[in-house]
Amino acid sequence: MRGGEARQAARRWVARAAAADPHYRGAYFTGSINDLPADAELPPSSDVDLVVADARADPGLKLGKFRYEGALLEVTHLPSDRFADPEAVLADYHLAGAFRADSIIDDPTGRLGAVHERVARDFADPTWVRRRYADARARIVDRLAAVDPDGPWHEQVTRWLFGTGVTAHLPLVAALRNPTVRLRYPAARAALTDLGRPDVYPELLRLLGAAHLTAARVHRHVDLLGRAFDAVAAVARTPFFFTSDLSPEARPIAIDGSRELVARGDHREAMFWVVATFARCQAVFEADAPSLAREREGAFRAAAADLGIVSHDDIRRRAAEVRAALPVLDRDLLARVPG
């Protein structure tokens with residue numbers, strides 16, 4: 001399917017399904033689909049991300065991934081109040097990028113259009129770049145501080161991983177790039193090259209703990225992850241915000257996409273999403289299939305161990321390393337932002 005066809009399928013879903021909800025207040029595209037030319041092929045390991053603005057303060061769990069007219073859509077609902085202040089969106093490093101170009105699918109209230117107008121005008125202004133950089137940096141500190149030493153191991157690993165992983169978003173913010181999720185490390189490497197600081201990239205891999213890994217080792221982890229992923233579909237009952245990321249529809253992204261990264265030499269970069277998905281599988285097993293949780297835990301722990309995470313003491317030490325690295329990253333990256 002081509003990019004233009006996928007976008008049209010998403011537009012039809014919005015008109016036929018999303019807009020029928022009385023809480024619906026508009027929709028827009030986000031993520032890599034905004035940069036994909038209409039005649040370019042949408043890779044099987046990619047989906048079409050869109051956000052639905054919802055009048056409720058808490059729209060509940062995201063709708064997630066599903067097929068519509070052959071396109072794999074990923075739908076997230078956000079409170080429409082988050083778009084009431086264009087400057088708040090402009091300062092939010094996750095939200096702002098989608099509004100640089102006209103990504104709006106439907107805007108019955110006019111709020112999304114007002115956000116687009118402001119963000120398109122000021123996105124590259126150094127003051128706002130620095131505000132978004134500060135937003136990303138704060139999320140690193142907050143997520144690392146939120147690791148509960150008494151929480152389940154999969155939760156501890158997840159909080160450490162996603163806190164550490166935001167370090168890969170810092171160069172993306174500085175380079176005015178989309179803060180992609182699964183492919184954040186390859187994207188950060190490209191951004192650092194464009195910023196003239198490719199020498200910073202090894203530090204990001206060091207903080208992740210993946211710098212030493214071989215392709216063969218990561219390939220083995222992907223194989224074991226594939227088995228866990230397939231087992232989840234048969235037992236999953238408890239709803240999680242990431243449930244659709246573990247569905248059969250998402251397998252081309254989580255498993256095949258990881259294999260693609262390993263095959264092209266980005267095995268170290270693949271480990272971020274491999275461990276994240278392992279942790280999510282373990283969360284489902286522990287909620288819905290305790291016997292499988294015990295059976296599959298060793299593979300999950302082995303993957304985390306290859307990132308140097310075996311105990312909470314490791315998480316505490318590695319979180320401290322990330323915090324200590326931030327001033328140096330600030331110096332190297334913000335020097336590339338004028339003003």
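**Close-up views of helix packing and selected residues**

**View 1. Arg316 is located in helix α13** (helices, H or I with at least four residues, and strands, E with at least two, are DSSP runs numbered from the N terminus). The model is a predicted one, in which local features require pLDDT of at least 70 and side-chain atom pairs pLDDT 80 or more, whereas totals for chains, interfaces and linings use all residues. Residues are numbered from 1 along each chain as its sequence is written, and side-chain values use heavy atoms, leaving out hydrogens and water. Arg316 is partly exposed at 45% relative accessibility (buried means under 20% relative accessible area, exposed over 50%, and partly exposed in between, with a 1.4 Å probe and protein chains only). Its side chain makes a polar contact of 2.4 Å with the side chain of Asp313 (a pair of N or O atoms within 3.5 Å, one able to donate a hydrogen and the other to accept it; residues adjacent in sequence count only if both atoms are side-chain atoms). Arg316 and Phe285 are 31 residues apart along the chain, and their C-alpha atoms are separated by 26 Å.

**View 2. Helix α13 (residues 312-334) packs with helix α8 (residues 201-208)**. The axes lie 10 Å apart, at an angle of about 165 degrees (axes are lines fitted to C-alpha atoms, for helices over the stretch in contact, and angles run from 0 to 180 degrees between N-to-C directions). The two helices, α8 and α13, are therefore roughly antiparallel (angles over 145 degrees; under 35 is roughly parallel, 65 to 115 roughly perpendicular, and the rest oblique). The crossing of α8 and α13 is left-handed (the near helix is turned anticlockwise from the far one by less than a right angle). From α8, Glu203, Leu204, Arg206, Leu207 and Leu208 meet Arg318, Glu321, Val322, Ala325 and Leu329 of α13 (contact means heavy atoms within 4.5 Å). By class, this contact of α8 with α13 comprises six nonpolar, no polar and four charged residues (Ala, Val, Leu, Ile, Met, Phe, Trp, Tyr, Cys and Pro are nonpolar, Asp, Glu, Lys and Arg charged, and the others, Gly among them, polar).

**View 3. Helix α9 (residues 215-235) crosses helix α10 (residues 251-263)**. Their axes come within 10 Å and cross at roughly 170 degrees, which makes α9 roughly antiparallel to α10. On the α9 side, Ala215, Val218, His219, Val222, Asp223, Leu225, Gly226, Phe229 and Asp230 take part; their partners in α10 are Arg251, Ala254, Ile255, Ser258, Arg259 and Val262. The contact of α9 with α10 has eight nonpolar, three polar and four charged residues.

**View 4. Gln282 is a buried residue** **of helix α11 (residues 267-288)**. Its relative accessible area is 3%. A polar atom of the Gln282 side chain lies 2.9 Å from the backbone oxygen of Ala293. Leaving aside residues up to four places away in sequence, Gln282 touches His154, Ala293, Arg296, Glu297 and Phe300.

**View 5. Glu74 belongs to strand β4 (residues 71-79)**. With a relative accessible area of 6%, Glu74 is buried. Residues up to four places away in sequence not being counted, Glu74 touches Asp47, Val48, Asp49, Leu50, Lys62, Gly64, Lys65 and Asp245.

**View 6. Glu69** **and Leu176** **have positive phi values.** Glu69, not a glycine, has phi of about 50 degrees and lies in the loop between β3 (64-68) and β4. Glu69 is partly exposed, at 37% relative accessibility. Leu176, likewise not a glycine, has phi near 65 degrees and is found in the loop between α6 (169-174) and α7 (184-194). With a relative accessible area of 28%, Leu176 is partly exposed.
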